[in-house]
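Please work through the following exercises with the sequence and the model open beside you, and try each task before reading its solution.

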Amino acid sequence: MGNVLVYIETADGQIAPISFELLGAARKLAGALGGEVEALVAGEAGAAQLGGADTLIQVQHPLLTPYVPEAHVAVLADAVRTRNPQVVLVGNTSVGIDLAAGTAAATGRPLVSYCLGLEVEGGAVVARSQLYGGKIVATTKTEAPAVFAVVAGSFPEAAGRSGGKGQRVDVDPPAALSALRMRFVSSAAPGGEGVDITKAERLVSVGRGIGGPENIELAQELAKALGAEIGASRPVCDSGWLPKARQVGKSGMTVKPKLYFAVGISGAPEHLEGMRDSELIVAVNSDANAPIFKVAHFGTTCDLFDLLPALTERLKAKAG
Amino acid sequence: MHIAVVLKQVPDLVEELEIDSGGKDIDRSFVKMKLNEFDDHALEQAVLLKESGGAKVTAVAIATEGIDQVLYAAKARGADAAMKVEAGEGVLDSRRAASAIAETIKQLAPDLVLTGVQAADDLFGQTGPYLAAVLGWPHVSVVSGVELGGGTVRVHQEYSGGRTAMLEVDLPAVIGVQAAPQPPRYVPVSKLRQAMASGALDSTSGAPASAPAGVAVAGLAKPESGRGAEMLSGAAGEVADRIAALLAERGLARG
């Protein structure tokens, strides 16, 4: 039977949006494969919300919460071995890197990562994946059974919220949980200034193109004139130019402000994932082919060191 | 404490990429290659651990064109040894690359392996988890910050929403580094020259044991351009005028 198994990702006990996307994608794939949609919940999660699954597989064990990657890989790999789904879907998220490759390796199944689209063709799955920072899309054909890691934002969430049979099975945890080689020590919320950029209506976001920490002030001046908060891309936070709490993207915050003003951000897929639904996106970047211009409404390749002061001055004049 | 860092080059994404005539790979004849930025952070993390706690660092890479320069630069930055893995011609997928590198890692028998968390061309999953699976070692990806303990490492794993957790991992282990606690250091040319003069790189042969990924690439394409931005051109002053105007129209110009 051509079942599709979805790993349900949770954060702070809440089901992550990617999980609903995957359930929706799974419904279509299962239909084409003549199978059902199975959802794997490792640890605690709101089962009532998982109406998109035909079978909810629940595995409970004290070591599954808080999240420890090895424990979740063990549970997922065990479910794949015993239930033999033809397709396994995992989010191509921060936790998905461990889970997808770990499970594929443990079960000897092929893995296709960075998936944007999935279709069944005969007994095979045709996937479209973004490669090279979103500059190339690869189409692959993989004979099932196989594992696919799906980029967040590729499928609508709504399709995965209902339509399943809603059966529930409790499964014993795998023996591997008694021999884990890693342990949870502590967790931390994003630190730094107590700022919450997800609440900001306007964001001026800074990327590597700003050149160095000494130039951040230019963006701060603009932000001040706009009544905006400062955000940043991952390299800027990794370099310590701005605190981690201001990071937009996959390993940072997902934001949907009324204005997203991107300064010197090329737009890696991991960044676009966190801001593409902003109402108005204006981007300044020296490379006319930068992916940020694919999601921006307005763009310019104007030198940011000339443009930012000029724009700040005009906005100040208007406000004054 | 012996730390192995796995390095590889990827196309520089600042450059425009073209698809070759076969349609299944990028045109590699003119593409500029650079050290994968996450591998760069993994190397920095390894050197930081060496500096703080005393460790031997070995840089390991599959032999590809231009890799000597990468390995010499790693030595100039603080790696004690560099090992090139001769794995034959052609571009290896991440699973096969991991199986080739695993043989060398077994010989080196390090306590800790650091890799970059991901690479922009790893269509078939990332090297680190596969390497860990072949070695039978624990693995954690998306790590920013590694601290050495006695027989263990403590790593900070990042999750979406900016949350992090500290995990304690038994050694030996494979860690996928997202970011080192400080930006990768600059290599002065004099140090690079010194590293190049200090002797040849070590090399081993390591043909991949595993079969190809089982995934057939049907074709590559440039992404559909989608909606795309309306581009504003002109001098900075003119562009600033237009942006100020369009923000004002939408009620976004004032705080």
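**Exercise 1.** In which hand, left-handed or right-handed, does H3(A) pass H4(B)?

*Solution.* The model is predicted, so local features need pLDDT of at least 70 and side-chain atom pairs count only at pLDDT 80 or more, whereas totals for chains, interfaces and linings use all residues. Residues are numbered from 1 along each chain as its sequence is written, while chains are lettered from A and ligands numbered from 1 in the order in which they are written.

Begin with the elements: helices (H or I, at least four residues) and strands (E, at least two) are DSSP runs, numbered from the N terminus. The axes of helix H3 (residues 94-107) of chain A and helix H4 (residues 127-135) of chain B come within 9 Å and cross at roughly 35°, where axes are lines fitted to C-alpha atoms, for helices over the stretch in contact, and angles run from 0 to 180 degrees between N-to-C directions. The crossing of H3(A) with H4(B) is right-handed, that is, the near helix is turned clockwise from the far one by less than a right angle.

**Exercise 2.** Which residues make the contact of H3(A) with H4(B)?

*Solution.* Two residues are in contact if their C-beta atoms, placed from the backbone, lie within 7 Å. On this basis H3(A) contributes Asp98(A), Ala101(A), Gly102(A), Ala105(A) and Ala106(A), and H4(B) contributes Pro129(B), Tyr130(B) and Ala133(B).

**Exercise 3.** Locate Ile105(B) and decide whether Ile105(B) is buried or exposed.

*Solution.* Ile105(B) lies in helix H3 (residues 94-108) of chain B. A residue is buried if 20 or more other C-beta atoms lie within 10 Å of its own, exposed if 12 or fewer, and partly exposed in between. Ile105(B) is buried, because 24 other C-beta atoms lie within 10 Å. Leaving aside residues up to four places away in sequence, Ile105(B) touches Ala4(B), Pro110(B), Val113(B) and Leu135(B).

**Exercise 4.** How many residues does each chain bring to the contact, and which element of chain B gives the largest share?

*Solution.* Chain B brings 75 residues and chain A brings 82 residues. On the side of chain B that touches chain A, the largest share is the nine residues of H6(B). Strands also join the chains: strand S12 (residues 182-188) of chain A and S9(B) run antiparallel and are linked by six bridges, two strands being paired if DSSP finds at least two bridges between them. Within this pairing, Ala188(A) stands opposite Thr164(B).
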